[in-house]
Amino acid sequence: MEKELPYISIIILNYNGKNYLEDCFKSLENLNYPKEKYEIIMVDNASTDDSIEYTKKKFSFVKVIGFNKNYGVAEGNNKAVEYTNPKSEYIAFLNNDTEVDKNWLIELVKPLIKDRTIGCSGNKILNYYDRSVVDSAGANITIIGTGYGIGHLKKDTVNYNKIRFIGYASGASMLIRKKLFNYLNGFDKDYFGYLEDTDIGWRLWLQGYKVSYVPTAVIYHKGGGSFGGSRNIPFRLYLGQKNRLFNIVKNFEIFNLFRGLITSIGYDIFKIIKFTINRKFDCIAAILKGNYTFIKELPKTLKKRKIIQKNRKIIDKELYKLGLIATLSESIKTEFNLSKQEVLK
């Protein structure tokens, strides 16, 4: 079996995340995977907390790449792939605020070795501080272009131990075929960060590839990392707003595109009312700014849509049938609960 295992490049994107790196790198050092068959690359988005010096000094087995500016999550990861070993067949993207189980990598790659139609796999993510609580057991897509973690904040039970197909793999930890990632032009760099994982998983399905949830691959997630923990941060609200609208326009068929945009109006009104009641006017400004950027970038987004829809291999109806896209009622319920949590934080 060991001879058959592929070479994998593990990429950890970092921005001022020095305090998270020790637990992450120590766990990666102890992987149950042949050491000559994987590499660990930390790409740094111009941190100011001496993350690079710290990593070079304490974890010499980590290949360190330093950028001269913050490229964000999407473009930062895309650029990181350019530095991977030419012989790597798969890319694992991993958040810096995680600790991996020793069997994480070997379990994550098994489905892709066995089935060439699976383009990407995601794992079980448990809360780092309470490991009986699920962060996500795979993730699915909503009608308004967002994504949600299955089982989020629920107790870990046998219900989350079944292999199944999912809408997308969380960007906190995912494994994807390198050639396929490059064929898709990686993450959409116009997202900067947030929902770029939803988008690429969605595009994989539209290209005829599957995304699989692997419960035997486990990581523990602290939350926060380089990108901030709360969804209630204006910058994240801005990114989430424009990016979910990008998702709708790029990836849905025309009927669901309009349904998603119409539903979005009600969603925005709900959030704005809540933020007004809580006097979070900077959050309202972030939503409006996201809408403005979406409209400004619409011509470019429509060009992307044309390419994606032209190469589509599966219709929306099949994705709904597979349970990868939540129904209207499920989407409203999910987003209502998430919005309520973020407003009340």
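**Packing and salt bridges**

Reader: Which helices do the buried residues of H9 pack against?
Author: This is a predicted model. The buried residues of H9 include Cys283, Ile284 and Ala286. They pack against helix H7 (234-251), H8 and helix H10 (298-310).

Reader: What length does helix H9 reach from its first C-alpha to its last?
Author: Helix H9 covers residues 281-296, which is 16 residues. At 1.5 Å a residue, 22 Å is expected. The model comes close to that, with 23 Å.

Reader: How many residues apart in sequence are the parts that Asp156 and Lys124 tie together?
Author: Asp156 forms a salt bridge with Lys124, with the closest N and O atoms 3.0 Å apart. Asp156 lies in the loop between strand E9 (147-149) and strand E10 (164-165), and Lys124 in strand E6 (residues 118-127), so the pair ties together parts that are apart in sequence by 32 residues.

Reader: Which helices hold Asp199 and Lys250?
Author: The two residues form a salt bridge, with the closest N and O atoms 3.1 Å apart. The pair ties together parts that are 51 residues apart in sequence, because Asp199 lies in helix H6 and Lys250 in helix H7.

Reader: Which residue meets Asp190 in a salt bridge at 3.5 Å?
Author: Asp190 is partly exposed, with a relative accessible area of 26%. Asp190 is also linked in a network of salt bridges, with Asp188, Arg203 and Glu297 among the members. At 3.5 Å, N to O, the side chain that meets Asp190 is that of Lys300.

Reader: Which side chain makes a polar contact with the side chain of Glu99?
Author: Glu99 is in strand E5 (residues 98-100). Leaving aside neighbours within four places in sequence, its contacts include Asp23, Tyr128 and Arg131. The polar contact, at 3.3 Å, is with the side chain of Arg131.

Reader: Which residues make the nonpolar surface patch of about 470 Å²?
Author: One of them is Phe255, in helix H8 (residues 254-277). Phe255 has 60% relative accessibility, so Phe255 counts as exposed. The patch is made by Ile254, Phe255, Phe258 and Ile262.

Note on methods. Residues are numbered from 1 along each chain as its sequence is written. This is a predicted model: local features need pLDDT of at least 70, side-chain atom pairs count only at pLDDT 80 or more; totals for chains, interfaces and linings use all residues. Side-chain values use heavy atoms; hydrogens and water are left out. Patches are made of residues with over 30% relative accessible area and no salt bridge: like charges are joined within 9 Å, nonpolar side chains (Val, Leu, Ile, Met, Phe, Trp, Tyr) within 5 Å. Accessible areas come from the Shrake-Rupley method with a 1.4 Å probe; for residues, only the protein chains shown count as cover. A salt bridge is a side-chain nitrogen of Lys or Arg within 4 Å of a carboxyl oxygen of Asp or Glu. Helices (H or I, at least four residues) and strands (E, at least two) are DSSP runs, numbered from the N terminus. Buried means under 20% relative accessible area, exposed over 50%, partly exposed in between (1.4 Å probe, protein chains only). The expected span of a helix is 1.5 Å times one less than its number of residues. Contact means heavy atoms within 4.5 Å. A polar contact is a pair of N or O atoms within 3.5 Å; within protein, one must be able to donate a hydrogen and the other to accept it, and residues adjacent in sequence count only if both atoms are side-chain atoms.
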